[in-house]
Amino acid sequence: MPPLRRPSRALLAAPAVAVLALLSGCGDADGLRAAGATPTATGPARLWPELAPASSPAFDFDEAETKVIKGMRVADGIHDVDPVAIVRAEIAGSPAEYDGEKAKYRETARRMADCADGAGRGRCPVLRPYYRDLTGDGRDELTLGFRQLPGTLTAVRVYTVERHRLVQVMHYEDALSRVELAGHSVIIRSPSEVAGYEYRLQWTWDPDQKAMLLTQDEMLRIGEGSPSPTPSPTRSRSAASPSLSPGSPGSADSPASPDPAAIR
């Protein structure tokens, strides 16, 4: 094996010469110019260090809650499951919210009769389903939305399949501005009561909890203007890949591009 050679002094000096040449041009008309003083960096200041750290949360937001949908065995994959049947199962499991003249979402239950042609068609309250691998296991999950009528809320759910069982790994309801899928995350934007701002919440798949966890909850400035006429009535929290396939199972829709897809 030939001995290793040290780089020559000329090679070592070359970077220094280049730096000097660059600095020498700072005074030129086309050279580098100062951007001004930078703000002083300040570290976080801990408040009330005498307080003992809490050992349990004060409120239960169901952030890692999952649920097996009863009566829905999945023979093969998530594409074989009828989204309308999933919503019917949820309605059947919550009769107090959907059944009766005073039920909060009574109109949703009534309009399920308009879903004979499938989700996303006509007056059916079930929106077009979207499919993407949100868990990273190479198989699609189902992101499903349905209107909770007669109000302005929209329910957003994410389902996966475990041992031929349909499992809900995220649920959330709000007045929505936009929903996106990006990577292993579901991003929900909702109108704010504050003019020129909106809420942005992001759920991301957590392999340890096997659920979509709320990983970001923030208010963002979106420009000048008046508050939305239908601001978010409530902001309840809940637990909660390169291709995205919109459309109902068996439809002619082809997989979409890997960019974040908006559900409006």
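**Entry 1: aromatic pairs**

I began with the aromatic rings in this predicted model, and my count came to 2 aromatic pairs. For one of them I looked up Tyr 98 and Tyr 105, whose ring centres are 5.5 Å apart. The angle between their planes is 50°, and the pair is tilted. I then checked how accessible these two residues are, and both Tyr 98 and Tyr 105 turned out to be buried.

Next I turned to Tyr 172 and Trp 203. Their ring centres lie 4.8 Å apart.

Tyr 172 belongs to strand β5, residues 165–174, while Trp 203 belongs to strand β8, residues 197–206. The two residues are 31 residues apart, and their pair links distant parts of the chain.

Are these two residues buried or exposed? Tyr 172 has a relative accessible area of 1%, and Trp 203 has 0%. Buried means under 20%, so Tyr 172 is buried and so is Trp 203.

**Entry 2: salt bridges**

A reminder to myself: side chains of opposite charge can pair when their charged atoms come close. How many salt bridges did I find? The count is 11.

I looked at Arg 139 and Asp 137, which form a salt bridge with their closest N and O atoms 3.1 Å apart. Arg 139 has 46% relative accessibility and Asp 137 has 38%.

Then I moved on to Arg 157 and Glu 173. In this salt bridge the closest N and O atoms are 2.7 Å apart. Arg 157 lies in strand β4 (residues 153–162) and Glu 173 in strand β5, so their pair ties together parts 16 residues apart in sequence. I noted that Arg 157 and Glu 173 are both buried.

**Entry 3: a network**

My last stop was Arg 189 and Glu 180, whose side chains meet in a salt bridge at 3.7 Å, N to O. Glu 180 has a relative accessible area of 11%, so I wrote it down as buried. Which residues are joined into one network here? They are Arg 178, Glu 180, Arg 189 and Glu 198, joined by salt bridges that share partners.

Conventions
Residues numbered from 1 in each chain as written. Predicted model: local features only at pLDDT ≥ 70, side-chain atom pairs only at ≥ 80, totals over all residues. Heavy atoms only, no water. Phe/Tyr/Trp six-rings, centres within 6.5 Å; stacked < 30°, edge-to-face > 60°. Buried < 20%, exposed > 50% of the residue type's maximum accessible area, 1.4 Å probe, protein only. Helix = DSSP H or I, 4+ residues; strand = E, 2+ residues; numbered from the N terminus. Salt bridge = Lys/Arg side-chain N within 4 Å of Asp/Glu carboxyl O.
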